[in-house]
Amino acid sequence: MHRYFSIFTPPLPSRLHLRRPIHLSRTLLWKLRDESHPAPPELVSRICRLVLLRRCNAISKLNFVFSDDIVDAVLRNLRLNPTASLGFFQFVSKQQNFRPNVKSYCKLVHILSRGRMYDETRAYLNQLVDLCKFKDRGNVIWDELVGVYREFAFSPTVFDMILKVYVEKGLTKNALYVFDNMGKCGRIPSLRSCNSLLNNLVKNGETHTAHYVYQQMIRVGIVPDVFMVSIMVNAFCKDGKVDEAAGFVKKMENLGVEPNIVTYHSLINGYVSLGDVEAAKGVLKFMSEKGVSRNVVTYTLLIKGYCKQCKMDEAEKVLRGMQEEAALVPDERAYGVLIDGYCRTGKIDDAVRLLDEMLRLGLKTNLFICNSLINGYCKRGEIHEAEGVITRMVDWNLKPDSYSYNTLLDGYCREGHTSEAFNLCDKMLQEGIEPTVLTYNTLLKGLCRVGAFDDALQIWHLMMKRGVAPDEVGYSTLLDGLFKMENFEGASTLWKDILARGFTKSRITFNTMISGLCKMGKMVEAEEIFDKMKDLGCSPDGITYRTLIDGYCKASNVGQAFKVKGAMERESISPSIEMYNSLISGLFKSRRLVEVTDLLTEMGIRGLTPNIVTYGALIDGWCKEGMLDKAFSSYFEMTENGLSANIIICSTMVSGLYRLGRIDEANLLMQKMVDHGFFPDHECFLKSDIRYAAIQKIADSLDESCKTFLLPNNIVYNIAIAGLCKTGKVDDARRFFSMLSLKGFVPDNFTYCTLIHGYSAAGNVDEAFRLRDEMLRRGLVPNIVTYNALINGLCKSENVDRAQRLFHKLHQKGLFPNVVTYNTLIDGYCKIGNMDAAFKLKDKMIEEGISPSVVTYSALINGLCKHGDIERSMKLLNQMIKAGVDSKLIEYCTLVQGYIRSGEMQKIHKLYDMMHIRCLSTTAISHKQVDLRPQTTMK
């Protein structure tokens, strides 16, 4: 059973409202002050004498009960003797039924401070603050300290010390109260205390308050030192005001305060945080001019800057420069930053290389490096490797922390390994690491991502049962999951709970709710939530307005979408490119085509550049309207602007061509998509063997793509099959094809042609012919491209005679050989040494009016050279050059002649292969340019 605990603040004593003295508590049975019976002077006098004689034990024999008045009176009498006062206070503190109150503590610290017993003063101030930290709402300690100061007329040093104690304990509000009120007592805090206060404020992110306090310090006459300058530079940089920080440094220099290396490091880190490495390098140059030596931290900050820009080569150069130029030894921090950078950019192999190098140098790895590796492996989906890091941490004497486990947990969830994720939660508990709200949020996201919404709900109830309070991220994740389940009632119930728990100012939850309603088409309800958001004082942002606009556009209410756009502009929220993309799609959906151009013009005026989604919306819209000229115009504009078409855009254009009956153009474009690698980039495509589950997963993901982008399934499926064939995974393509057939996929000519070509290229001609026969049974007529693939397969398997027979049957099938058909068969004859048949086929090609291409002649020349007929090949080359044919062919012929003269036959074969790789078959040569008719063909 999982165990959880919640952190809570103990309640104040129930009797606090009865004006009970501040020192009362349940655990300390302090005696109430009896104001009507003051301590008799003779009793106080006797106690003082015993204390001075160091006979405190004799005090117990006196017949009296300790009270606040007696203790205060004794301390007052002994105020000039700090040792006696301390001894008395320690004796009193040991009494069973009595504890000194706040006023007694304040008297003691003043007495100790006056006696220069500063260590004891600090100790009792710390003790006093600890006793009162849940009660000191009205700064009772300060008020009592001031009262004692006025009574004793000493010691003001206590004010500075209590300020420092508050700062050290992180009680910033109390520290600020002391700082503000010291001036009323005519005292100024010490420079050291001021630096502590400023540093604490900056560390806690309260930079605005730090600037205000700094100005107050200057007004009261405190002169900044180099430490204060460094703290304030850090404050400027944390606010992103690095240029102001640099100006502040110059101003301080003019006042005689020379910055130190810490100051410069703050500046460098500030520029690095802004991504301005050049400015950071400028600070390094300035350091050199000032004679400030660089150290490992300096170089590490520069490495961090390059890593942030993903310039990993430059980052590693800095590391090497540190070792070679500056003669510095990089530490774990320097290596850690670089390793983390490689992990974040997906270059995990380089990260491991650096880790090995670091360990060889005798440096030890740390938790930061291990967590970076875990994160890097999980991002790449290499969960097993991430598990390996967790295992190796034991060997490195490191213990995984909450971040380690949560990162691995996220990795499991991203890969859909929910059972492993739950097992990891059990392991966390065994290691003594309690799952936090982040752990549960990770589980919720993972479960919702894989559609396991019921399991997500169970996790939610378990989290609530175990007292882990959900945050806005958890609420938003579950809310989004309920909308994906189309569980409107559940989402509404959860929404009420969100508001009841006080998340009334959370934009994330409001935006999630509005988005869910918009996706369900409930625009009235979405508008109501939008109004509620404003009523509760949560200002809508750009995402809120964009979500509403997108919802109205998808609901074909583009008029209301433009009204929301107007309201957004009145709130001075700048429109985004995403908003315009939604409006463009909305205009096409509402068939308000004239306004599309106006919207694009408005985008340009606002300085917004169309992105790939913009062009996708334009191309899709124009294709659906049958205006392919405008769709192509948008496509060309997109490529001119440096954007590459993706599978969605190309598939949209293919679909448009099919709808208009332009089948040949559609098939040509689809083939180009395959050639350029536009098939889905799914990791399963890269594996050597695709099992049933993986194929099902791919098919489902393609279905989802088709639904999302409204594309015909056949187009996307054909591209996927062609992509697998192109990478040589023909059997995987066949299995994928079979799976799709079970899902109702109807293959077309392109599908079969792709598979036939794949099997032919792989040398499996029998399977290729079986596919041809299956194609015929489905009523599909193979075209010349299909038979070219079959002829190529037969030639590759050295079955050229069968290829020749198939060639002669083409006319019976109503097909005519093209240049590819002839080239394939000629090349086949050349490879088996039948040059006469090859030349006869070339002659027939010319008779049929088909011009030989570069590949035609390269095949012939390569065949002649291969079989030692050098003289014949040289004559053929000379005739081609004299005819002044294509420049590429002349270059080829010249190279071949040179290789023949030098006897380098292997280079001719290599050149032939290169020509085929570079696709020179498109270059045609007219037989009129080269006089090689049958009667002159060299025998």
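## A charge over a ring

In this predicted model, R333 sits over the face of F368, at 6.0 Å from the ring centre.

## Overall make-up and confidence

The chain contains 49 helices and zero strands, and of its 939 residues 48% are buried. Among contacts in the chain with a separation of 6 or more, 62% are made by residues 24 or more positions apart.

The average pLDDT of the chain is 83, and 82% of the residues score at least 70. Over residues 705-712 the pLDDT is below 50, and this stretch has 12 contacts in the model beyond near neighbours in sequence. The pLDDT is also below 50 over residues 914-939, a stretch for which the model shows 55 contacts beyond near neighbours in sequence.

## Helix α22 and its surroundings

Helix α22 comprises the 13 residues 418-430, which at 1.5 Å a residue should span 18 Å; the end C-alpha atoms are 19 Å apart, and the two values therefore agree. Within α22, the residues A421, L424, C425, M428 and L429 are buried. Because these buried residues fall within an arc of 145 degrees when α22 is seen down its axis, they line one face of the helix.

On the other side of α22, N423 and Q430 are exposed, whereas the cover over the buried residues of α22 includes α21 (402-414) and α23 (437-449). After α22 comes G432, a residue with a positive phi, near 80 degrees.

## Aromatic pairs

A pair of aromatic rings is described by the distance of the centres and the angle of the planes. The structure holds 20 aromatic pairs. One of them joins F89 and Y105, whose ring centres are 4.9 Å apart and whose planes stand at 75 degrees, so that the pair is edge-to-face. Since F89 belongs to helix α3 (residues 82-93) and Y105 to helix α4 (residues 102-114), the pair ties together parts that are 16 residues apart in sequence. F89 and Y105 are both buried.

The aromatic pair of F236 and F248 is tilted, with 5.6 Å from centre to centre and 50 degrees between the planes. This pair links distant parts of the chain, given that F236 is in helix α11 (residues 226-238) and F248 in helix α12 (residues 242-254), 12 residues apart. F236 has a relative accessible area of 12% and is buried, while F248, at 9% relative accessibility, also counts as buried. Elsewhere, F64, F66, F91 and F98 form one aromatic cluster.

M579 lies in helix α31 (residues 577-589). With a relative accessible area of 1%, which is under the 20% cut-off, M579 is buried.

Leaving aside residues up to four places away in sequence, M579 touches R546, I549, K565 and M568. The C-alpha atoms of M579 and I543 are 9.0 Å apart in space, although the two residues are 36 residues apart in sequence.

## Backbone features in loops

The peptide bond from F154 to S155 is cis, with omega near -10 degrees. S155 is found in the loop between α6 (140-152) and α7 (157-168).

R54 has a positive phi, near 60 degrees, in a residue other than glycine. R54 is placed in the loop between α1 (41-52) and α2 (68-77), and because its relative accessible area is 74%, over the 50% cut-off, R54 is exposed. E486, likewise a residue other than glycine, has a positive phi near 60 degrees. The loop that holds E486 runs between α25 (472-484) and α26 (488-500), and E486 counts as exposed at 63% relative accessibility.

Notes:
Residues are numbered from 1 along each chain as its sequence is written. This is a predicted model: local features need pLDDT of at least 70, side-chain atom pairs count only at pLDDT 80 or more; totals for chains, interfaces and linings use all residues. Side-chain values use heavy atoms; hydrogens and water are left out. pLDDT is the predictor's confidence in each residue, from 0 to 100. Contact means heavy atoms within 4.5 Å. Helices (H or I, at least four residues) and strands (E, at least two) are DSSP runs, numbered from the N terminus. The expected span of a helix is 1.5 Å times one less than its number of residues. Buried means under 20% relative accessible area, exposed over 50%, partly exposed in between (1.4 Å probe, protein chains only). The arc is that of the directions from the helix axis to the C-beta atoms. Rings of Phe, Tyr and Trp (its six-membered ring) pair if their centres lie within 6.5 Å; planes under 30 degrees apart count as stacked, over 60 as edge-to-face and the rest as tilted. A charge sits over a ring if NZ of Lys or CZ of Arg is within 6 Å of the ring centre and within 35 degrees of the ring normal.
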